[in-house]
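Subject: Structure handover and notes

Hi there,

Here is the structure I promised to pass on.

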Amino acid sequence: MSSSTSQTTSRAGRLTLPVEKGMDAQVAELLERLQADAVRNSDGTELPEIVNKLATKIYQTYFVGRGDQDWAQTHPRELTRIYLMSERTPALADGELSIDLMTNWFVDQVYPDTDCDVERWWQVIDRTTGDVIAPGAWHVDPADLSVTMDQAQAGHVYTVGFLAVQRWDPTQMYNYLTNGWADDPQRIKESPYDIRYPQTWQHVRHALDQWLADNPQVDVVRFTTFFYHFTLVYGSDGTERFVDWFGYSASVSVPAMEAFEKRFGYPLQAEDFIDEGWYNSPFRVPRKSFRDWVSFQHEFVTSRMAELVEQVHAAGREAMMFLGDNWIGTEPYGPHFAHTGIDAVVGSVGSGATCRMISDIPGVRYTEGRLLPYFFPHVFYPGGDPVTEANASWLAARRAIVRSPLDRIGYGGYLSLAVQHPEFVDRMEEIVNEFRAIHAAAAGQRPIATGPRVAIVNCWGALRSWQTHMVAHALHYRQAYSYLGVLESLSGLPLQVDFLSFDDIRNGVPEGVEVLINVGAAGTAFSGGSEWADERVTSAVRRFVAAGGGLVGVGDPTAHPARGAVYQLSDVLGVDRELGWGLSTHRPMHTSDHHFVTLDLSSRLDVGEGTPDVFCASATTTVLAAHHEQVDLAVNQFGCGRAVYLAGLPYSSQNARLLHRALAWAGHREDAFTTWTSSDVRAEVAVYPHSDRLLVINNSLDQVTTTVSTPTTVREVHMEAAGHLWFDLELHPLDIPG
């Protein structure tokens, strides 16, 4: 990956700052103080004229799918659509049953599309039997937004899957509500329109050409993003009801579904998108129809992206994509993304995993991370504490940036709010200077991987690299944080990490992989669900481990109750899970207080929510941590290979070290583990042999004294809170500013 064309000194550049009108003096002062080399506007703000007089690159947001509200209002049939499901409605008596379509949906955002062929594109389903009710047995009442069935059966539950018009863009709605724009008469509720309609597509192309001509000052067109928004639907109370950052439910249209049928040879139904009310969440094992739809939309979206990028390049500008909002179909790790010609990707850095999701994207000239906090009033208010969030964001991001460098960083939101917190501006200055210094000292290179090559296997594989177990872009969820911690830990460890699908291992684990990781709850796409019923998969992994490979399972790895086992590789893992069927069986447990994997545990093992009722399934299993006779951590020998089981792994410095040790042991790398490591789990080491340098970072807000080891030298190192230090490979200190 090549660097951007911005300045590359350790004291200037590589920073994009959001600016707005009405604060020219403060903008000029901050640009000089922070040495930002690019400015941008945010949704709802305009660039001040002063930016044309400053030596900075100008980014400007461009909204392909909602930027022209005159077009949206005059072409209501070409607004985007979304599939929704009514509430589950029970029939209390035989006969007529009325189902209210909009119960718990926000009518200002979505509205039933009663103008389409409802008998073709809507579905009424008996959820008690699973039967689809024939269109002639129900009818739509557009006046009261309901569907009435003629012959419902008492005791059965029914739903309606219906196509709805998106009348309000979800992100603009979020910004509108969060920032109190309802009191601003200049703000309008923006509707998104769909480029599947040829007339709208031609309008979008012509509008971009006109915009480029009207905005010669813009250097970088920041597409925010392209055509289809991730699934974000509000409830009747105006709060988020359903959010899926990977959701394709809002990418549908009649023309698209008709084109899909011609391409794949089978028709789609409402249920293909509604998925019994799960809406094809990424936690669901994806069905063929949904996989095909993702592939279909990816090819279409990227082909249209390429045309818009070509227009931007023809005008002598750069094209940047924001990895968010209307990003559905782009799939940066998909097979067609590299052919779009996009110059850069920018995304929000909410964690180390989301940072790697951006920085590892192939096929772009540079990447940029938007650090938190966002300059919005829910953080920047009188008495607020944005510095605490800034510290947490930076420490999480820095671990990942060290392993896979971003080319640039930036901030978003409203600068007028940030300047009211001078302590935050001071901390921001420190962070951007540290980022530049690390980038300059590392020359933009990745440090070497000192541990085994590992691969995470799940239903999504490389398509969703660094994107597993996320619901709303790395926000905390009780049912997911114990698994997301594995990704977060890996984002900053000195390992090469690959992402494999079950198709990738069906005929054998790829050469070069030393340890497989399977992590997730039973029945999810991340654990694998029914994929583990395929003997080709289980046999391939058994052969891999027996020949000397490693397997690390977290939560419910290989879970698929069948053939006498819950974990289909219980013989490899050495553990299985009790579902209540085997309580008559006595299962002894061999425990040990000392093992390579647990040497750095200084407090009780934290498995987060954990996984209940896991027991020993092999006489060779050694349990390293347990509670109430339930296994939390165990190791097992299998043939020439090794396996490690963990009941959960939320992110912490201690758990990141535990995972590092588990992978090293499973990969037969324990003898070299202490080389290029820190004795204190809060500090991590990155090695750059090409420049004869070594970096030590303190991932905590405490002062840390630790011992760092190389193949020839051991040194005690004292680090300030959140600090970093550079050494040569013989551990002589280097005086590198920043």
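Below are my notes on annotations, pockets, cavities, the core and some backbone details.

First, the ground rules. This is a predicted model, in which local features need pLDDT of at least 70, side-chain atom pairs count only at pLDDT 80 or more, and totals for chains, interfaces and linings use all residues. Residues are numbered from 1 along each chain as its sequence is written, and side-chain values use heavy atoms, with hydrogens and water left out.

**Annotated regions**

Helices (H or I, at least four residues) and strands (E, at least two) are DSSP runs, numbered from the N terminus.

- "Lacto-N-biose phosphorylase-like N-terminal TIM barrel" is the UniProt annotation for residues 13–449; this stretch is 32% helix and 20% strand, with its end C-alpha atoms 29 Å apart.
- "Lacto-N-biose phosphorylase central" is the UniProt annotation for residues 453–671; here the chain is 20% helix and 25% strand, and the end C-alpha atoms are 16 Å apart.
- "Lacto-N-biose phosphorylase C-terminal" is the UniProt annotation for residues 676–727; this part is 0% helix and 58% strand, and 12 Å separates its end C-alpha atoms.

**Cavities and a pocket**

On a 1 Å grid over the protein atoms alone, a cavity is a set of points where a 1.4 Å probe fits but cannot get out, while a pocket is an open set with protein on both sides within 12 Å along at least five of seven lines; lining residues have an atom within 4 Å of a point. Grid points are joined across faces, edges and corners, and a volume is the space filled by probe spheres set on the points. For lining classes, Ala, Val, Leu, Ile, Met, Phe, Trp, Tyr, Cys and Pro count as nonpolar, Asp, Glu, Lys and Arg as charged, and the others, Gly among them, as polar.

The second largest pocket holds about 840 Å³. It has 35 lining residues, and Asn41, Thr45, Glu46, Gln60 and Phe63 are the closest to its centre. Helix H5 (198–214) and strand S3 (57–62) each supply at least two lining residues, with H5 giving the most, at four. By class, that lining has 12 nonpolar, 14 polar and nine charged residues.

The whole structure has four cavities of 30 Å³ or more. The largest cavity has a volume of about 110 Å³, and among its 13 lining residues Pro494, Arg657, His660, Glu684 and Val685 are the closest to the centre. Because domain 2 (454–672) and domain 3 (677–728) both give residues to its lining, the largest cavity lies between them; domain bounds come from an automatic or database domain assignment.

The second largest cavity has a volume of about 50 Å³. Its lining has six nonpolar, three polar and no charged residues, and helix H12 (422–442) gives the most to it, with three.

**Core and burial**

Buried means under 20% relative accessible area, exposed over 50%, and partly exposed in between (1.4 Å probe, protein chains only). A nonpolar core is a set of buried Ala, Val, Leu, Ile, Met, Phe, Trp, Tyr and Cys residues joined through side-chain atoms within 4.5 Å.

The largest nonpolar core has 208 residues, and Trp122, Phe223, Phe227, Trp293 and Leu490 have the most contacts inside it. Helix H8 (residues 288–314) gives the most to this core, with 10 residues. Nine of the 10 residues of helix H13 (residues 481–490) are buried, so H13 is largely enclosed by the rest of the structure.

**Backbone details**

Most residues other than glycine have a negative phi, and most peptide bonds are trans. These are worth a look:

- Thr224 and Thr225 are joined by a cis peptide bond, with omega about -20°.
- The peptide bond from Leu372 to Pro373 is also cis, with omega near 10°.
- Arg14 is not a glycine, yet has a positive phi of about 60°; Arg14 is buried, at 4% relative accessibility.
- Asp325 has a positive phi near 50° and is buried, with a relative accessible area of 12%.

Best wishes

How values were computed. UniProt positions renumbered as here; feature names shortened; annotations may be inferred.
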